[in-house]
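Visitor: I'm new to reading protein models, and I'd like a close look at one part of this one: the salt bridges. Could you walk me through some of them and then show me where they sit in the overall picture?

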Amino acid sequence: MTAAPSIVVIGGGPRGTGVIERIAANAVELYGDRPLDLHVVDPHPAGGGRIWRPDQSPLLWMNSMAEDVTMFTDETVELAGPVVAGPALDAWAEDVRTGRITPDADPAVLAEIHGLAGADFPTRRLQSAYLRWTYERALAALPPGITVHEHRTTALAVTGPRGGLQRVRLQGRPEPLLADLVVLTVGHLDAEQDPEQKGLADFARRHALVHLPPDFTADSDLDALRAGEPVIVRGFGLAFVDLMVLLTEGRGGRYERGEYLPSGREPVLYVGSRRGVPYHAKIGYPWSGERPSLPQHLGPAWTEELLKRTGPLDFRRDIWPAVAKELGHAHYHRLFTAHPERTALAHEVFAEKYTAADPGSPELAGLIAEAVPDPADRLDLDALDRPLDGVRHDSPEALQEALRNYITADLARRHDPEHSEDLAVFLGLLSAYAQIVRLGDIGSWWHGFFSYLASGPPGPRLQQLLALSRAGVVRFLGAGLTVETDEEQGLFRARSATVPGARTEARALVEARLPDPSLRHTASPLLRALRDGGAAIADDGLLAVDPADSRVLDDEGRPHPRRFALGPFTTARSSGAFTRPRTGGPAFRQNDAAARAALTFLRDLSCRGHLAS
């Protein structure tokens, strides 16, 4: 008897769910009613996977508004497959409220839907319910010939020849899964400790200290951080925000009228980073009026030209000048059209000269100085990226006051539509990311810069940070943070360039960031096996994939015909876990291209009378 072809999706989180949704969308056209076995492998419930699993603290929020999160395509997405409309998170919540959708979820979680508005920041466990419903809807849309098998375990390795069946070894299962094709969508995984982290961990063990390495904050052993004791925290992004929440409200503290009332169980968090400031707050007002035309200076033609070049691309030399000009185009278009009273030149004249000027040229700088009289209205990307460069304070107390003022000003600006050029730059960042992701490996700096400007915390979280600072529960250390170890005293010591001569000592150190997605230090046996089995690894340690359809490349640059990979561990990682509606999210395009290539491959196998044995 001829067995059905089989595909194994390893990773049932948002990316795996997105690929399955695209398989369902394209199956009728590309695969028809042929039989197919679809296996989903994940130790956590499919839909949310590990990061978005349902059993999380209700104190943890998404860093996106409900109206800005969708798992479904729309007409703005460039894709070969069909658009299949579906509700964004806020519309899904409304459908649940009105009874049009009845998801199978914890009633306590669904209770959060009542009163949820589009501009609210939902909890992560509510997002988990949305993801599970999306996954189940995708399964229901599969043709009847496709049979789904869920495996609640961990994939340990994928082996097999390029031209033959792949074998997926599973934890706790004696026999491997046989697969004609494998799609890896494993998301964020743990990492082995790099030499620095290993040295810090060894030091902590010798002196009975606490060292928490990079991790998903909800999985860290925060009980080890004792009440009232200083904790050095290295990292000021979203992982820090989660840490802050779990160690304050999570330990019984509360906010009243803008002030924090401690429970007495909190440690004291001394936080710093390379920039020394938190990520910029999410913008708190909607778009109105004319949108800038995007992309303008780095569209598909620009991308294709770069892809034709031989040799590796240098981000700063080959890509950044066009990105800077694109973001400037978005910024100044909005300034001239929405706030013309702050400009001194006709918009048509400025736009023509701006387009003609070379990126970073004296001519461009002179044009901007002439047309925009107030320097505060000009886009200064370097100042945005490193706001504390060259800033020095005489004392730690002076830094506390200065950084509270900085955060207060950022919050005010990000919620003031009089500075709507910031929202235009955000749209420019999304457009730029959609083009840059086509280039494959371009290093890690751009991804960090994007997250810092475009993927920061909700405004209320920074309000809470201000309250915690005033209460003395959080202390700012500044930029250029370094951490040393003192063998004689058995302490961690932090220093910052922002307050010369100051030092902070503690018996606990937390690395507030996700593990490095590099395959060089991955703790995943699955990814280690791929790395050691000849898969190509980019300069930044990410798994190299074909930008066209996300097939895994080997060390000779050849796409593997039976292996695909999508997500943050690959060179085709996208700008975030989720996409805003009507922004042409590149993750949708990647999912669709991979699903179509997979279905075409499996159809051809089936037509040849494939025997899975």
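Guide: Happy to! Let's start with the term itself: a salt bridge here is a side-chain nitrogen of Lys or Arg within 4 Å of a carboxyl oxygen of Asp or Glu. The general idea is that side chains of opposite charge can pair when their charged atoms come close. Keep in mind that this is a predicted model.

Now for a first example. Glu112 and Arg125 join their side chains in a salt bridge, with 2.6 Å from N to O. This pair ties together distant parts of the chain: Glu112 is in the loop between helix H3 (107-110) and helix H4 (124-141), while Arg125 is in helix H4, and they are 13 residues apart. Is Arg125 buried or exposed? Its relative accessibility is 18%, so Arg125 counts as buried; the cut-off for buried is under 20%.

What about their cover? Glu94 has 32% relative accessibility, so it counts as partly exposed. Arg97 counts as partly exposed too, because its value is 30%.

The side chains of Arg413 and Asp422 meet in a salt bridge at 2.7 Å, N to O. Arg413 is partly exposed, because its relative accessibility is 25%. Asp422, on the other hand, comes in at 14%, so it counts as buried.

While we're looking at individual residues, here's a spot on a pair of strands. Strand S14 (residues 482-486) pairs with strand S15 (residues 491-495) in the antiparallel sense, over 5 bridges. Within that pairing, Glu484 stands opposite Arg493 in S15. The hairpin has 4 residues between its strands, and Gly490 takes a positive phi near 65° there.

Okay, time to zoom out. The protein chain has 17 helices and 19 strands. Its domain assignment gives domain 1 (6-190 + 517-612), domain 2 (195-279 + 457-511) and domain 3 (300-455). The C-alpha centres of domain 1 and domain 2 are 34 Å apart, and the contact between them takes 14 residues from domain 1 and 16 residues from domain 2.

What about overall size? Along the principal axes, the C-alpha atoms fill a box of roughly 80 × 65 × 55 Å. A compact globule of 613 residues would have a radius of gyration near 25 Å, and the protein chain has 25 Å, so the two agree. Buried residues account for 55% of the 613 residues. The accessible surface is about 25,200 Å², with 51% of that belonging to carbon and sulfur atoms. Finally, take the contacts between residues at least 6 apart in sequence: 75% of them join residues at least 24 apart.

Terms used. Residues are numbered from 1 along each chain as its sequence is written. This is a predicted model: local features need pLDDT of at least 70, side-chain atom pairs count only at pLDDT 80 or more; totals for chains, interfaces and linings use all residues. Side-chain values use heavy atoms; hydrogens and water are left out. Two strands pair if DSSP finds at least two bridges between them. Helices (H or I, at least four residues) and strands (E, at least two) are DSSP runs, numbered from the N terminus. Buried means under 20% relative accessible area, exposed over 50%, partly exposed in between (1.4 Å probe, protein chains only). The radius of gyration is taken over C-alpha atoms; the globule rule is 2.2 Å times the number of residues to the power 0.38. Contact means heavy atoms within 4.5 Å. Accessible areas come from the Shrake-Rupley method with a 1.4 Å probe; for residues, only the protein chains shown count as cover. Domain bounds come from an automatic or database domain assignment.
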